Amino acid sequence: MIELPTLPMNDGAHAGGPILGIDLGTTNSLVAIHDAGGSRVLADFEGRASLASIVSYPTDGAPVVGEAARERARLDPGRTVHSAKRLIGKSVQDLGRELSTMPYRIVDAPGRSLAMIDLGERLLSPAEVSGQILAELRRRAAAALKRPLEEVTRAVVTVPAYFDDAQRQATREAAKLAGLEIVRMVNEPTAAALAYGLDQDGAEHVIVYDLGGGTFDVSLLQLKGGVYRVLATAGDTYLGGDDFDRTLVLHAAREIQERSGQDVLADPAARAALRMAAEQTKIALSNAEEAELSFHDPAKGIAYRATINWRTFQEAVAPLIQRTLDCCARVLNDAGLSVENVNEVVLVGGSTRVPLVKAAAAQFFQRPARDELDPEQVVALGAAVQAGVLGGTVHDLLLLDVTPLSLGIETLGGAVSKLIQRNTAIPAQAQEGFTTSVDGQTAVSLHVLQGERELAADCRSLGKFVLNGIPPMPAGLPQIAVRFTLDADGMLRVRAKEQRSSVSAEVEIQPKHGLTDNEVERMLTDAWQHAEQDLTTRRVVDLRAQLDIVVAAVEKQRTLFKKLEVTQLERLEDALEEAIDAKSIDRPDALKGILDALEEASFPLAELLMHRIASETVKDRKVSELLDSESSA
Ligand code: ADP
Ligand code: MG
């Protein structure tokens, strides 16, 4: 069995306190722990396992979290934040049409493209909201484990597989606000597979079907040699249990309108109350053939009561379930697999309790769907398993993720040098050497890119930074080591260091806006479709860059031209002219010919130069530098 490459400490449970496993959900969040008895969810003092991911901010007093905040939503919708996870790590521009679905005001943070909730007297970041939820879970865990709060400081937190660096970074900040260090982020579907211990069952392709409160995600995981890889994901960020509730709300509202002429939907508070009643009815219908839906509003004189039959309900939600199946078909198609290739189907999310959902998923994949573990808890339980691995209570388990797209930096002429290839298991580290192309250059601009294409312009820009303060040296002399460190959570740190002078610069990449899984897919197909053409373009770019360097090096020695024989000089001038004209040539073989000719024609010049250097030995120090500059050019 393979060992985990970076096992932080074996006695984690004692040395650093327990490591929590946390599912920070859009609708509900949970905390679990792994101990001698396995993984278990920690309930609050009233025995509730899940915490509503809602935080309300009263004008006076401390923020209210969970069920109590849900109650306040009716009184104070503008100051009660739900679904903060939809906003985290995004800008107002990223949110687009989603903005209109939020009951509170959202603006960009001053001077930054980061969505914030406007409370009137202050701006509230989504990370702060998630931080309150995490703090509540931390308090709950400390109480359940009978540990002082100060000892509960570490957690494994799950995030959707499609979360980008910015969303992961913001989640990390949220945890920090709660006094928690995220020792590892795990993709939600991977956590679910872990909870079932599927890595030990020899399953190769696992479908994780996750229908929550407001979102649907389906992921195809590949388990190979103890390594988890997310092969493809699809989903709908506006499809979930809330939509099931809405079918009942609309049904009730229509009947109330008919009976009393009142429009309950026009009043936000009445609407919220009806929605909560509808959810209860829906949940009851998962275990009974019929359930009651009642709504009373004495102020308006409404007393509504109806019996909902499960058939009526299922007919109403069938089209919604069909949409999830369309996503399932897409995920298989994207991975080039069919249902026969799927070895396991895991159900995740409270809404998979609806019998029709379960049946539809099983029918689509032609196999029973796994539901032995509570679908609302399974992600948290899996996070706890990973916490157990890190804390040393679980052995013989490897959990690796891979980076979906290559990472690299832009080089001369707009080409890309890839340091970390796509599908590399993370954490990963890579280093490559670079140098300057202009004499006396004291600053180098580094452009970090993501993607499979050969040219910078076709890749996604992740950020730029400048390495300043390089002492002036001839071109080619500075030795700039660029190191990429991709940590286990997919965060990228880029460090550039000039070795001779030790000046260095570093960035942590936090892209402004994220990539959806569709965009990743598009980038991959693009790269594939353009592969041949890209390679040619890449070669042209590289050859032109080389030509520029040789031309500059030759031009620099113009004072020596007069010492050349006439035929040598003519050949050199011709070759130079051709090289300078080569800008418009885009055939690699032609460019290579021109480059070879120029190098050959400049040979006598190099000889002259060597001769002069040899006679300059007396000026000791200079010589080595000149030679150095020749050899690296
Ligand atoms: P999220 O991952 O979005 O935080 P959850 O997995 O906690 O969401 O799922 C919450 C959704 O599950 C809610 O819409 C809730 O009404 C629904 N749900 C919970 N229990 C049941 C049940 N027994 N039958 C049907 N729906 C349920
Ligand atoms: Mg969830």
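This tour moves through a predicted model, selection by selection. Residues are numbered from 1 along each chain as its sequence is written, with chains lettered from A and ligands numbered from 1 in the order in which they are written. In this predicted model local features need pLDDT of at least 70, side-chain atom pairs count only at pLDDT 80 or more, and totals for chains, interfaces and linings use all residues; side-chain values use heavy atoms, leaving out hydrogens and water.

**Stop 1**

Select residues 105-108 and 115-118, which are strand 8 and strand 9 (strands are DSSP runs of E, at least two residues, and helices runs of H or I, at least four, numbered from the N terminus). The two run antiparallel and are joined by four bridges (strands pair if DSSP finds at least two bridges between them). Arg105 stands opposite Asp118 of strand 9. Six residues separate the strands of this hairpin, and Gly111 in the turn has a positive phi of about 75 degrees.

**Stop 2: helix 6**

Select residues 188-195. Seven of the eight residues of helix 6 are buried, so the helix is largely enclosed by the rest of the structure. Among the buried residues are Glu188, Pro189 and Leu194. Gly197, which follows helix 6, has a positive phi near 65 degrees.

**Stop 3: Thr215 and Arg86**

Thr215 lies in the loop between strand 13 (205-211) and strand 14 (216-224). Thr215 is buried, at 14% relative accessible area. Not counting residues up to four places away in sequence, Thr215 touches Thr26, Arg86, Asp210, Asp236, Thr237, Leu239 and Gly240 (contact means heavy atoms within 4.5 Å).

From there, select Arg86 and Tyr238. The charged end of Arg86 sits over the ring of Tyr238, 4.1 Å from its centre (the criterion is NZ of Lys or CZ of Arg within 6 Å of the ring centre and within 35 degrees of the ring normal).

**Stop 4: aromatic pairs**

The structure holds four aromatic pairs (rings of Phe, Tyr and Trp, the last by its six-membered ring, pair if their centres lie within 6.5 Å; planes under 30 degrees apart count as stacked, over 60 as edge-to-face and the rest as tilted). The ring centres of Tyr162 and Phe163 are 6.1 Å apart and the planes at 65 degrees, so this pair is edge-to-face. Tyr162 is partly exposed at 24%, whereas Phe163 is buried at 7%.

Phe364 and Phe365 form an edge-to-face pair, 4.8 Å centre to centre with 75 degrees between the planes. Phe364 is partly exposed at 23%, and Phe365 is buried at 1%.

**Stop 5**

Finish with the four strands that form an open antiparallel sheet in the order 21-20-24-25. Strand 21 (415-420) and strand 25 (460-467) stand at the edges with a single partner strand each, so one side of each is left without a neighbour in the sheet. Strand 20 (residues 407-411) pairs with strand 21 over five bridges in the antiparallel sense. Ile409 has Ser417 of strand 21 as its bridge partner.

Key. Buried < 20%, exposed > 50% of the residue type's maximum accessible area, 1.4 Å probe, protein only.
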